Amino acid sequence: MEILDIFFNLDVMRRAFPILMRGLVNTILLGFAAIFFGGILGVLVCLVRLYATKPFRLLAVLYTDIFRAIPVLVVLILVYYALPFAGIVFSSFVAATIALALVLAAYTAEVVRAGIEAVPRGQFEACDALGLSFFTTMRKVILPQAFRMMIPPLASYAVAIMKDTSLASVVAMDDLLKQATDAQALFANPTPLLLAALIYIAILWPLVRFTGWLEQHYKRGYR
């Protein structure tokens, strides 16, 4: 009974729940912002790597290699704590969005590149024969075919970024984890932390299962 009072105190849970819901809204907004901007940047980096001149291709390769090698937390700390020394100051939300988007873009670029390169070369040649422009070819012919192969890994990275939003608490953003730690200190009880963990599971577990379904679905489609 004492353990329940410590870790699953219903009174603390009731009072902490509204606080955690405010943090959850910020977490969801951060996750969607990072996925949106990271996805767009990743596609652009991929196109530069595949079709730009050699110096820009090398820069794209360097970008993807660096941001896939460096931990998200390090990127976040550099954006929020290091850039102000150069006069560039971001709010905690913007800094977290930039950091997560930069890392996601690197992984997205590699996934999109693999998907585009998997499209038969004859598709490009047919588009050239029809006189289609590069952007029309990519938008109407190549990317729709490649997208089927890209969906499962992109979904997995999106779920991973949603989990990494918890790192935003390091820069004092009022996300779910930050609100949970504040509530834990306010009530002198770890119940808010356990409640936050349950909320993360309730949101992310269905996404994990959906990602698994996508992998199986498209695997059957390939066969």
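**Briefing: a helical chain and its salt bridges**

Arg 15 is partly exposed, at 39% relative accessible area. The model behind this value is predicted. Its protein chain holds nine helices and zero strands. Eight salt bridges are counted.

**Overall build**
- The C-alpha trace spans about 75 × 50 × 25 Å along its principal axes.
- Of the 223 residues in the protein chain, 38% are buried.
- Contacts between residues at least 6 apart in sequence join residues at least 24 apart in 76% of cases.

**Surface and charge**
- The protein chain exposes about 12,500 Å², and carbon and sulfur atoms supply 70% of that area.
- There are 18 positive and 13 negative side chains.
- The centres of these two sets lie 10 Å apart.

**A pair in helix 2**
- Arg 15 forms a salt bridge with Asp 11, with the closest N and O atoms 3.2 Å apart.
- Both residues lie in helix 2 (residues 10-51), four residues apart, or about one turn of the helix.
- Asp 11 is also partly exposed, at 36% relative accessibility.

- Asp 65 and Arg 68 form a salt bridge, their closest N and O atoms being 3.5 Å apart.
- Both sit in helix 3 (residues 54-69), three residues apart.
- Asp 65 is partly exposed at 40%, and Arg 68 is partly exposed at 34%.
- Arg 68 also forms a salt bridge with Glu 110, at 3.9 Å between the closest N and O atoms.
- That pair links distant parts of the chain: Glu 110 lies in helix 5 (residues 92-118), 42 residues from Arg 68.
- Glu 110 counts as buried, because its relative accessibility is 13%, under the 20% cut-off.
- Shared partners join Arg 49, Asp 65, Arg 68, Glu 110, Arg 113 and Glu 117 into one salt-bridge network.

Terms used: Residues are numbered from 1 along each chain as its sequence is written. This is a predicted model: local features need pLDDT of at least 70, side-chain atom pairs count only at pLDDT 80 or more; totals for chains, interfaces and linings use all residues. Side-chain values use heavy atoms; hydrogens and water are left out. Helices (H or I, at least four residues) and strands (E, at least two) are DSSP runs, numbered from the N terminus. Buried means under 20% relative accessible area, exposed over 50%, partly exposed in between (1.4 Å probe, protein chains only). Contact means heavy atoms within 4.5 Å. Accessible areas come from the Shrake-Rupley method with a 1.4 Å probe; for residues, only the protein chains shown count as cover. Lys and Arg count as positive and Asp and Glu as negative; His and the chain ends are not counted. The place of a charge is taken as NZ of Lys, CZ of Arg, CG of Asp or CD of Glu. A salt bridge is a side-chain nitrogen of Lys or Arg within 4 Å of a carboxyl oxygen of Asp or Glu.
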